[in-house]
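Hi there,

Here is the structure I promised to pass on. Have a look at it first, and my notes follow below.

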Amino acid sequence: MEIWINPACSKCRSAVQLLDAEGADYTVRRYLEDVPSEDEIRGVLDRLGLEPWDITRTQEPAAKELGVKDWPRDASARERWIKALAEHPKLIQRPIITADDGTAVVARTDEAVRDALSR
């Protein structure tokens, strides 16, 4: 199990505290420092069952600069979104937990963290 976090994020800190409280075996990836590649982002999206626009933080300054709110949300634009997430990792929603069963969750709630733990 791996969790992608930004240590400055309260949701990330809460998720890590819950994982620790549950005695989970996991690794931490500080994705702003260890930036995921486009292929890794594609893999996580597959595991999440989501599209890149579903995990994009559209209120971030970089998102506003790029104008992502106006980008198409369809197959023709998918690679553009993935490239933006790889080039601007602050745009990636957090925390993301990749579960042991090959799935993943955006773990913004205790319920989502527990869901990942149960997989």
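Of the 119 residues of the chain, 44% count as buried, where buried means under 20% relative accessible area, exposed over 50%, and partly exposed in between (1.4 Å probe, protein chains only). Please keep in mind that this is a predicted model, in which local features need pLDDT of at least 70 and side-chain atom pairs count only at pLDDT 80 or more, while totals for chains, interfaces and linings use all residues. Residues are numbered from 1 along each chain as its sequence is written, and side-chain values use heavy atoms, with hydrogens and water left out.

The accessible surface comes to about 6,300 Å², and 44% of that belongs to carbon and sulfur atoms (Shrake-Rupley method, 1.4 Å probe; for residues, only the protein chains shown count as cover).

As for the fold, the chain has 5 helices and 4 strands. These are DSSP runs numbered from the N terminus: H or I of at least four residues for helices, E of at least two for strands. From the N terminus on, the order is β-α-β-α-α-α-β-β-α. The radius of gyration of the chain is 14 Å, close to the 14 Å that the globule rule gives for 119 residues, so the chain is as compact as a globular protein of that length. That radius is taken over C-alpha atoms, and the rule is 2.2 Å times the number of residues to the power 0.38. Among contacts (heavy atoms within 4.5 Å) between residues at least 6 apart in sequence, 62% join residues at least 24 apart.

Helix α1 is worth a look. In α1, Cys12, Ala15, Val16, Leu18 and Leu19 are buried. They cover an arc of only 160° around the axis, which puts them on the same side of α1; the arc is that of the directions from the helix axis to the C-beta atoms. The buried residues of α1 pack against β1 (2–5), β3 (96–98) and α5 (110–117). On the other side of α1, Gln17 and Ala21 are exposed. Just after the helix, Gly23 takes a positive phi of about 70°.

And which residues does Thr98 touch, leaving aside its neighbours within four places in sequence? They are Met1, Glu2, Val44, Arg47, Thr103 and Ala104. Thr98 sits in strand β3 and counts as buried, because its relative accessibility is 8%.
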